[in-house]
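I opened this entry to keep track of what I looked up. The points are in the order I checked them.

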Amino acid sequence: MLQSASGGYVEPFREIDGRAGYYGGAELHFPGRILLTALHYDNRADPTASDTVSQVFAWHTTFNSAGGRVEYGPDWTMIAQWLAGRTEIAPRGEALQWPFNARYALLSRGFGGHNRLSARYDRFAVDSRNPETDGEQNGHAWTVAYVFDSERSWTATLEWLRVTSRSYDESEDVGRP
């Protein structure tokens, strides 16, 4: 349970509608070189269902994801993943939807036996199909990381991250446009 802003408690993962969700995935592996994955997820929640006591709504969430990993030689790794779906609620019959998508690509190279340098690019978006733009957000990010693995009981990582994004309530959060 979590304490709400009003001082009461809510159970964000409480079962409300009695409907079981599902997910299914597939993986294709070419030994030592390539791994491809696909996944479909649907929690089958009834977006009109709610618990009036805790004021929690059933969020219907569904998405698809696909990804791949390629190993090239002993030192190079390339990874990419895509995910797209939507989540929705329908309190009092008013349908509110947030389609979302995210994708990334990573290139990594090991060298010197204990060292690895990686670079990753992410792009993400949450749209709002609602009267107001609540929850809308989009952006992208760059990450560069260096990892030294001692092969003993410790690893050191140095990481640089730059995120550029726009959010519907950015001006409320930081007090500026």
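I am working with a predicted model, in which local features need pLDDT of at least 70, side-chain atom pairs count only at pLDDT 80 or more, and totals for chains, interfaces and linings use all residues. Residues are numbered from 1 along each chain as its sequence is written, and side-chain values use heavy atoms, with hydrogens and water left out.

I looked up the elements first: the protein chain has twelve strands and one helix (DSSP runs, E of at least two residues and H or I of at least four, numbered from the N terminus).

I then checked burial: 25% of the 177 residues count as buried (under 20% relative accessible area, 1.4 Å probe, protein chains only; exposed is over 50%, partly exposed in between).

Next I traced the sheet. Eight strands form an open, antiparallel sheet in the order β3-β4-β7-β8-β9-β10-β11-β12, where strands pair if DSSP finds at least two bridges between them. Its edge strands are β3 and β12 (155-167), each pairing on one side only. I noted 14 bridges between β8 and β9 (residues 96-111), in the antiparallel sense. Threonine 87 stands opposite tryptophan 98 of β9.
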